[in-house]
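Please read the numbered points below with the sequence and the model at hand.

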Amino acid sequence: MGFMAWSSKFELGIPEMDEQHKKWLAILNSFYDHLSDKDLTAQMKSLIQDVIDYTQYHFSEEEKLMASIGYHELNQQKQMHKEITDKIIRFKQRLDAGNLVISTAVTSELKSWFKEHIMIEDKKYAEKYFQVIQKGGV
């Protein structure tokens with residue numbers, strides 16, 4: 001079922017980033033779908049590691065793209081990326097230590113961040129990307 005369906009409102013118009021966002025959402029949906037599993041802790045450790053791994057990969061690719069277009073808010077994006085990555089890593093550390101019950105509160109936070117970040121922050125660099133393309137760059 002997932003916690004959120006892909007919507008065209010998330011599209012940036014940059015195929016590589018749109019595909020990565022779709023895959024990232026699929027990983028987040030898988031994480032959410034397994035919240036009701038019987039062996040939740042073992043499954044969650046694996047799934048949250050998948051979220052961390054893909055989040056780090058995607059942010060790295062996104063930051064390379066932003067650097068290639070001279071995006072003026074790259075440092076702010078890096079900081080936002082670091083903050084959410086660190087938060088997910090802390091979720092995993094607490095889970096590993098037996099101090100966290102993964103709940104819809106955790107996934108709700110990820111959902112809000114995903115939606116807001118793409119629809120506000122990522123749309124900004126997409127606009128810059130298309131300006132650079134029109135000028136013959138990238």
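1. Lysine 92 belongs to helix H3 of this predicted model. Its relative accessibility is 15%, so lysine 92 counts as buried, the cut-off being under 20%. Apart from neighbours within four places in sequence, lysine 92 is in contact with Lys45, Ile48, Gln49 and Ile52.

2. Lysine 92 also forms a salt bridge with aspartate 96, in which the closest N and O atoms are 2.9 Å apart. Both residues lie in helix H3, 4 residues apart, which is about one turn of the helix. An α-helix has 3.6 residues a turn, so residues three or four places apart point the same way. Aspartate 96, with a relative accessible area of 39%, is partly exposed, whereas lysine 92 is buried.

3. Helix H3 as a whole deserves attention. Its 23 residues reach 32 Å from the first C-alpha to the last, close to the 33 Å expected at 1.5 Å a residue. After H3 comes glycine 98, which has a positive phi, near 80°.

4. A search of the whole structure finds 7 salt bridges. One of them joins the side chains of glutamate 73 and lysine 124 at 3.6 Å, N to O. Glutamate 73 lies in the loop between H2 and H3 and lysine 124 in helix H4, so this pair ties together parts that are 51 residues apart in sequence. Glutamate 73 is buried at 18% relative accessible area, while lysine 124 is partly exposed at 34%.

5. Within helix H1, glutamate 19 forms a salt bridge with lysine 22, and their closest N and O atoms are 3.4 Å apart. Being 3 residues apart, the two are separated by about one helical turn. Glutamate 19 is partly exposed, with a relative accessible area of 48%, and lysine 22 is partly exposed as well, at 32%.

6. Which residues touch the most other members of the largest nonpolar core? They are Ile14, Phe114 and Tyr125, in a core of 37 residues. Helices H1, H2, H3 and H4 each supply at least two residues of this core. Beyond four places in sequence, phenylalanine 114 touches Met4, Trp6, Phe10, His21, Trp24, Leu25 and Leu28.

7. On the surface, Phe130, Ile133 and Val138 form a nonpolar patch with about 250 Å² of accessible area together. Isoleucine 133 is found in helix H4 and is partly exposed, with a relative accessible area of 36%.

Note on methods: Residues numbered from 1 in each chain as written. Predicted model: local features only at pLDDT ≥ 70, side-chain atom pairs only at ≥ 80, totals over all residues. Heavy atoms only, no water. Core = buried A, V, L, I, M, F, W, Y, C linked by side-chain atoms within 4.5 Å. Buried < 20%, exposed > 50% of the residue type's maximum accessible area, 1.4 Å probe, protein only. Contact = heavy atoms within 4.5 Å. Expected span 1.5 Å × (residues − 1). Patch = residues over 30% accessible without salt bridge, like charges linked within 9 Å, V, L, I, M, F, W, Y side chains within 5 Å. Areas by Shrake-Rupley, 256 points an atom, 1.4 Å probe, with all protein chains shown as cover. Salt bridge = Lys/Arg side-chain N within 4 Å of Asp/Glu carboxyl O.
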